[in-house]
Amino acid sequence: TLFSARTENHDEPDLVEHVQQPGGLVADNISAWFGDHKVLDRVSLSMAAGEVTALIGPSGCGKSTFLRILNRMHEMIPSASLFGEVRLDGDDIYAPSQRITSARRNIGMVFQKANPFPAMSIYDNTISGLKLAGIRATRAEKDLLVEDSLRKASLWDEVKDRLEQPGGGLSGGQQQRLCIARSLAVSPRVLLMDEPCSALDPTSTRRVEETIESLRGQVTVVIVTHNMQQAARVSSQCAFFLAAQNTPGVIVEYGATEAMFAHPQDDRTSDYVNGRF
Ligand code: ADP
Ligand code: MG
């Protein structure tokens with residue numbers, strides 16, 4: 001079937017023993033540098049399978065860097081270096097035996113600025129990740145996958161009659177949802193989202209939040225957001241990043257979102273979530 005590669009992976013007995021639901025992601029003692037500039041200091045975070053984890057904190061504290069480290073995009077930056085481990089379902093994604101393409105396939109990423117292929121049709125955009133992910137599909141399977149992915153991204157109803165039109169003709173909010181559909185089409189276990197709504201109107205923002213809601217229990221989501229209401233609405237876990245002047249980013253506080261917003265343990269968290277930064 002279309003998703004046999006993924007299913008086979010999870011039939012391996014040694015994995016099944018430790019993992020109940022695919023997609024548990026653990027960052028263990030991560031430090032990161034650009035040249036000599038240290039930007040993250042011993043950050044550890046466990047992102048529960050099927051849950052939504054929000055990363056919050058002021059600009060420049062290393063949230064995007066941390067997100068890129070989670071799917072090996074960090075290593076594409078020539079000056080970047082890294083210490084620590086990232087484990088997906090117990091496997092170190094940076095281990096020499098792990099292929100970078102499998103990290104990318106299992107761990108999708110959506111950016112602040114939507115980046116569909118502008119001249120490519122909506123249909124082809126949606127399935128443009130299949131080849132790199134090593135997924136082969138017949139035309140009929142592709143048709144199903146396109147519909148399913150666009151439905152999951154809350155975009156199907158708006159584009160079902162114009163699938164052959166170019167992705168670049170969509171509104172900004174629709175383009176962002178197209179990018180989410182493209183990420184979901186390869187059945188990732190994890191979806192990383194870096195401020196996915198900060199360029200969107202309220203309606204598109206609501207659609208994206210609906211999508212995140214519907215992924216709960218199926219895909220592990222890690223979302224960077226500057227919108228505290230959004231963090232409260234979509235996430236069950238929350239991590240507050242902070243970089244004091246001239247020091248690398250650290251996680252100041254981590255916990256259940258509701259508890260963290262209602263009763264922050266650290267004064268700096270309290271100041272941040274209450275808008276006093
Ligand atoms: P955030 O997403 O929280 O705003 P970033 O991860 O983008 O933070 O940035 C963390 C720090 O790393 C900042 O000091 C930023 O200037 C630096 N940085 C980010 N990307 C690069 C890069 N490609 N090269 C050099 N420094 C970078
Ligand atoms: Mg950022």
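Gly24 is found in the loop between helix H2 (13–18) and strand E1, where helices (H or I, at least four residues) and strands (E, at least two) are DSSP runs numbered from the N terminus. The structure is a predicted model, in which local features need pLDDT of at least 70 and side-chain atom pairs count only at pLDDT 80 or more, whereas totals for chains, interfaces and linings use all residues. Residues are numbered from 1 along each chain as its sequence is written, and chains are lettered from A and ligands numbered from 1 in the order in which they are written. Gly24 counts as buried because it has 21 C-beta neighbours inside 10 Å; a residue is termed buried if 20 or more other C-beta atoms, placed from the backbone, lie within 10 Å of its own, exposed if 12 or fewer do, and partly exposed in between. Gly24 and Met260 are 236 residues apart in sequence, and their C-alpha atoms lie 22 Å apart in space.

According to the UniProt record, an unreviewed entry, the annotation "domain: ABC transporter" covers residues 25–273; UniProt positions are given in the numbering used here, feature names are shortened, and annotations may be inferred rather than shown by experiment. In the model, the span of residues 25–273 is 34% helix and 26% strand, and its end C-alpha atoms lie 25 Å apart.

An open sheet is formed by 4 strands in the order E2-E1-E4-E5, with antiparallel pairing. Its edge strands, each of which pairs on one side only, are E2 (37–47) and E5 (91–92). Two strands are taken to pair if DSSP finds at least two bridges between them. Strands of a sheet pair through backbone hydrogen bonds, either parallel or antiparallel. Strands E1 and E2 run antiparallel and are joined by 7 bridges, and the bridge partner of Leu25 in E2 is Met47. These two strands form a hairpin with 2 residues between them, and Gly35 in the turn has a positive phi of about 60 degrees. On the other pairing of E1 (residues 25–34), 8 bridges link this strand to E4 (residues 80–88) in the antiparallel sense; Asp28 stands opposite Glu85 in E4, and Trp33 has Ser81 of E4 as its bridge partner. Strand E4 is in turn joined to E5 by 2 bridges, again running antiparallel, with Asp92 in E5 as the bridge partner of Arg87. The hairpin of E4 and E5 has 2 residues between the strands, and Asp89 takes a positive phi near 50 degrees there.

Ligand 1 is surrounded by Phe34, Val39, Ser59, Gly60, Cys61, Gly62, Lys63, Ser64, Thr65, Ile77 and Ser79, a residue being near a molecule or strand if its C-beta atom, placed from the backbone, lies within 6 Å of it. By class, this shell has 4 nonpolar, 6 polar and 1 charged residues, where Ala, Val, Leu, Ile, Met, Phe, Trp, Tyr, Cys and Pro count as nonpolar, Asp, Glu, Lys and Arg as charged, and the others, Gly among them, as polar. Helix H3 (residues 63–70) gives the most to the shell, with 3 residues. This helix is mostly covered, with 8 of its 8 residues buried. Just after H3, Arg72 takes a positive phi of about 65 degrees.

Strand E6 (residues 107–110) runs parallel to E7 and is joined to it by 4 bridges, Met109 having Leu192 in E7 as its bridge partner. Strand E8 (residues 220–224) is likewise parallel to E7, to which 5 bridges join it, and Leu191 stands opposite Val221 in E8. E7, helix H9 (residues 202–215) and E8 make a right-handed β-α-β unit; a crossover is right-handed if, with the strands pointing away from the viewer, the path from the first strand over the helix to the second runs clockwise.

Ser235 lies in the loop between helix H10 (228–234) and strand E9 (237–242), and this residue counts as buried because it has 24 C-beta neighbours inside 10 Å. Leaving aside neighbours within four places in sequence, Ser235 is in contact (C-beta atoms, placed from the backbone, within 7 Å) with Val52, Thr53, Ala54, Ile223 and Thr257. The C-alpha atoms of Ser235 and Ile223, 12 residues apart along the chain, are separated by 8.3 Å.

Notes. Two residues are in contact if their C-beta atoms, placed from the backbone, lie within 7 Å.
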